[in-house]
Amino acid sequence: MNKLKQVKNIIITKPQKLDCGKEISNFPISYETYGTLNEKKDNAILVFHALTGDQFASGKNPITNKDGWWSYALGSGKAIDTEKFFVICANVIGGCMGSYGPSTIDEETGKPIGTNFPVITINDMVNAQYNLLEHFKIDKLFAVIGGSMGGMQVLQFVSNFPDKAHIAIPIACTSSHSAQNIAFNELGRQAILADTNWKNGLYEQNKTSPDKGLAVARMAAHITYLSKKGLQEKFGRKLQERDDLKFSFDADFQIESYLRYQGSVFVDRFDANSYLYITRAMDYFDLSKQFNGNLSAAFSNTTSKFFVISFTSDWLYPTAENREIVIALNAIGADVGFVEIESDKGHDSFLLDVPDFLDTLGNYLKTNYKTVNEKRI
Amino acid sequence: MKKEFKVISELISQNSKVLDVGCGDGELMKFLKDNKTSKIRGLEISKNRVQNCLSKGLTVIEGNAENDLQQFPNNSFDFVILSQTLQAFLDPEKVIAELLRVGKKAIVTIPNFGYWKVRINLLIKGTMPVTENLPNEWYNTPNLHMCTLRDFFNFCSKREIKIFKSLALKNNKTLNLSAKNLAWRNLESQLGIFLIEK
């Protein structure tokens, strides 16, 4: 994890009160930027990452040497065009890519904080990232954009800071984690907790690593990111490098081998405790509950223009849940556009090459950037 | 731009809040945005058209007038526009009621089934009418509830809907339309444009 010393970060000195009641201060937020902030500082976009994402949204991730998680959408000439926009993406608190999280080393003990890390919420993540605006001296962002848990952060951000973004684009998300969402997250957490190498979260001290539990968590979650049709078309019942069934518990089927691979590469880049904390934050997310059951009230002071996007085959955060956000916004006369994009790539559609999605997002940003600027002149 | 859209635009006051139901590719919305008001929203059922509208920077939500108008509070718009789609709904009566609930006023345009060419089609040829405005055959038409200008007048009076202003389009010429000249207009015009209020 020495490479992590090279990632950019800021230290937040002023205390932040967390939803759990604890107060934190002098903690790091690691981030990456893409493109150039113009003189007027009106071209900044804050991108929020999803559960297993990080600040390396585009280009090569220097830690994993893989492409950034949003390389299809973000970069030069792409939908979120870094020739035009200055994009900031931060690792959420609770994460494991340099921001304050369970793998942060406790200076007193010299060991990772582990499960002594406080339980955090989406609200806490957003409040921590808000410091980046002050760091870059940006008065108002052009846009806040994010998919999945990133979308939840978009909603929380505009609710907390109603006049800090011209455009808000929550993608494939929900305003309130459903029982099904919580169930899948619990499955992942239990897989980690059941791994004897987890050692009550003190695995690094014990020189072990709950790789098997974390891999199973990833495998289960990965299924929820895809659609049945997508899986059937890609894998069907195809066998993995063999002509016939082996009558064993080997990975006979390609889908089994694929999931095992997804699990194994995930443990190399992600921390098991972070997985516990971040899934918990997602489960606790219920924006309407923060406003006594009235989701519209979450946005009552907003000046942002919204664009909600969902995908036909996303059954994890289905269109109906995205539409609830649209309905809540329309109820208060907010400026909200909405489209459900046709795709059989499931919840992962927002991360993949889905031209209808990328074109619409790109054009929307381009035309609105023009309008926002014209208004100012 | 379509003559119909120009006529609609003239009925809309400056800076009013407008909802275009079935906004298509956003041609009318764009025109209104450039000339009348920035407070304009659209509702459209086709994904591709919604994407086109959003790409142009227009605020449009994907949805169906029969189910998705209910999310808007009472009187949340000054004008709600429904251009040539009333006949395609399963329940036009409910849609009109929703338009008048959501909007203080509604502008409804209707392809006139009483137009003489339509009548001749049925009378002489004995087949369901196929015209420029109604190009589909009976078996593939999206139009479930065709009506004439007279039908719409009658409907409004039965339902106690006030007709603020009514106009007819004949070969792209705007004509005044009233109960007095209804018999003749109902024969000669292809389209009726109604500004209504509950």
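**Close-ups of a predicted two-chain model**

**View 1. What sits over the buried residues of helix H7 in chain B.** The cover over the buried residues of H7(B) includes strand E5 (103-111), strand E6 (162-170), helix H8 (182-188) and strand E8 (191-197) of chain B. Keep in mind that this is a predicted model. The helix itself runs over residues 149-158, and its buried residues are B:Leu149, B:Phe152 and B:Phe153. Those three span an arc of only 105° around the axis, so they end up on the same side of H7(B).

**View 2. A charged residue, B:Asp68, in the buried class.** B:Asp68 belongs to helix H4 of chain B, residues 65-68. Why does B:Asp68 count as buried? It has 20 other C-beta atoms within 10 Å, and the cut-off for buried is 20 or more. Setting aside neighbours within four places in sequence, B:Asp68 has B:Leu43 and B:Gly63 as its contacts. B:Leu43 is 25 residues away along the chain, yet its C-alpha atom and that of B:Asp68 are separated by 8.4 Å.

**View 3. Where chain B meets chain A.** Here 15 residues of chain B are in contact with 20 residues of chain A. On the chain B side, helix H3 (47-55) and strand E3 (59-62) each bring at least two residues. H3(B) gives the most, with five residues. Sorted by class, this side of chain B comes out as six nonpolar, six polar and three charged residues.

View 4. Domain 1 and domain 2 of chain A each put in at least three residues. Zoom in on A:Ile45: leaving out neighbours within four places in sequence, its contacts are A:Ile80, A:Phe85, A:Val87, A:Leu141, A:Phe142, A:Ala143 and A:Ile145. As general background, nonpolar side chains in soluble globular proteins tend to be buried together.

How values were computed. Residues numbered from 1 in each chain as written. Chains lettered and ligands numbered in written order. Predicted model: local features only at pLDDT ≥ 70, side-chain atom pairs only at ≥ 80, totals over all residues. Contact = placed C-beta atoms within 7 Å. Helix = DSSP H or I, 4+ residues; strand = E, 2+ residues; numbered from the N terminus. Nonpolar A, V, L, I, M, F, W, Y, C, P; charged D, E, K, R; others polar. Domains from an automatic or database assignment. Buried ≥ 20, exposed ≤ 12 C-beta atoms within 10 Å, placed from the backbone. Arc of directions from axis to C-beta.
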